[in-house]
Amino acid sequence: MERISFGAPSPGRLDAVVAGRLGIPRAEVQRAIADGRVRVEDRVRPKSFRLSGGERIDVELVAPEDLAPEWGPLNVLYEDEHVMVVSKPAGLVTHGTASRRTGTLVNRLLALDVPLSRAGGADRPGIVHRLDAGTSGAMIVAKDDRTHAALAEMFRRHGVDRYYLALVRGDVEHDRFLIDAPLSRERARILVRPATGKKAATEVEVRERLPRSTLVEARPRTGRTHQIRVHLAAIGHPVLGDRAYGGGGQDATSLGLERPFLHSWRVAFDHPISGDRVAVEDPLPQDLSEALERARALSRRR
């Protein structure tokens with residue numbers, strides 16, 4: 001059991017404030033509250049307890065005793081004593097669940113035998129944010145709880161710049177534009193719901209126009225689940241290879257795509273300890289580079 005103490009950064013519900021401060025799911029915080037592992041000024045409070053801001057909060061996190069290191073390809077793009085940026089391979093989920101304890105990015109991080117923050121919860125050592133299983137590219141990892149808390153706050157305030165490359169179906173009309181469309185979860189899918197969804201915004205810029213597709217750079221202003229994929233599908237240009245949101249079919253098959261053409265190619269942020277600007281790039285992996293070359297070859301055959 002590990003204890004983390006901090007001052008409530010803002011007013012709000014206890015479960016929401018703790019989840020935001022530590023960068024972990026609210027459901028996990030609620031379990032800790034129900035177990036009596038969250039205290040406000042040394043008193044157990046319900047999850048709906050209203051904080052004024054500034055109260056001392058103590059959280060006890062369960063150690064991930066059953067998570068085992070697993071060796072596998074994992075390229076470290078940047079590292080210092082507080083933070084790492086790694087290149088997550090496609091097909092690898094970021095972290096496990098109560099029923100899944102192997103085959104995740106976390107298992108590979110543990111195999112590096114480096115310190116990892118515990119503030120994200122028992123199943124998520126080092127994990128501050130996530131990439132979808134089918135998405136590859138640069139991911140930030142925290143090595144200690146102080147760094148984790150600072151990075152979580154940066155993500156909450158949209159202070160981390162993330163840049164993705166996506167190959168989408170069709171000819172995108174405008175060179176630069178903003179998709180501002182609230183998103184809502186309905187079972188396993190994320191849908192645009194203007195009236196009831198949570199605010200979500202993605203900046204898009206065309207990088208290359210091809211005969212039946214367009215290479216775009218997407219920069220999310222918010223961090224909703226499947227945000228880029230759903231936003232691009234909503235404007236009629238789904239990510240090729242993304243069968244969940246309309247990007248499958250012959251166009252994807254002809255390019256040899258077996259997963260969505262979506263890659264986190266650059267992250268940039270102010271170092272949470274030194275304050276220095278950190279910018280890290282991750283080139284397209286081989287499968288996406290080859291798919292892009294096939295898309296370009298279509299124009300040469302015309």
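**Reading helices, strands and turns**

Mentor: Start with helix 5 (residues 227–234), which is mostly covered, with six of its eight residues buried. Buried here means under 20% relative accessible area, exposed means over 50%, and partly exposed is in between, using a 1.4 Å probe and protein chains only. Helices (H or I, at least four residues) and strands (E, at least two) are DSSP runs numbered from the N terminus.

Trainee: What sort of model is this?

Mentor: It's a predicted model, where local features need pLDDT of at least 70, side-chain atom pairs count only at pLDDT 80 or more, and totals for chains, interfaces and linings use all residues. Residues are numbered from 1 along each chain as its sequence is written, and side-chain values use heavy atoms, leaving out hydrogens and water.

Trainee: Back to helix 5, then. Which of its residues are buried?

Mentor: Look for Gln-227, Ile-228, Arg-229, Val-230, His-231 and Leu-232.

Trainee: Which residues are buried in helix 1 (residues 14–22)?

Mentor: There you'll find Leu-14, Asp-15, Val-17, Val-18, Ala-19 and Leu-22 buried. Helix 1 is followed by Gly-23, and the phi of Gly-23 is positive too, near 70°.

Trainee: How should I read a positive phi?

Mentor: Most residues other than glycine have a negative phi. Now look at Glu-41, which isn't a glycine but has a positive phi near 50°.

Trainee: Where does Glu-41 lie?

Mentor: Glu-41 sits in the loop between strand 3 (38–40) and strand 4 (43–44). Asp-42 lies in the loop between strand 3 and strand 4 as well, and Asp-42, again a residue other than glycine, has a positive phi near 65°.

Trainee: On to strands. Why is strand 10 (residues 161–169) described as largely enclosed?

Mentor: Because eight of the nine residues of strand 10 are buried, the rest of the structure largely encloses it.

Trainee: Which strands does strand 10 pair with?

Mentor: Two strands pair if DSSP finds at least two bridges between them. Strand 10 runs antiparallel to strand 15 (residues 213–220), joined by six bridges. Strand 10 also pairs with strand 16 (residues 262–270), again antiparallel and over six bridges.

Trainee: What stands opposite Ala-268 in strand 17?

Mentor: That's Ala-279. Strand 16 and strand 17 (residues 277–281) are antiparallel partners over five bridges. Their hairpin has six residues between the strands, and in it Gly-275 takes a positive phi near 85°.

Trainee: How do I tell the faces of a strand apart?

Mentor: In a regular strand the side chains alternate between the two faces of the sheet. In strand 17, Val-278 and Val-280 make the covered face, while Arg-277, Ala-279 and Glu-281 make the uncovered one.

Trainee: Which residue lies over the face of Trp-265?

Mentor: Arg-207 does, at 5.6 Å from the ring centre. For a charge to sit over a ring, NZ of Lys or CZ of Arg must be within 6 Å of the ring centre and within 35 degrees of the ring normal.
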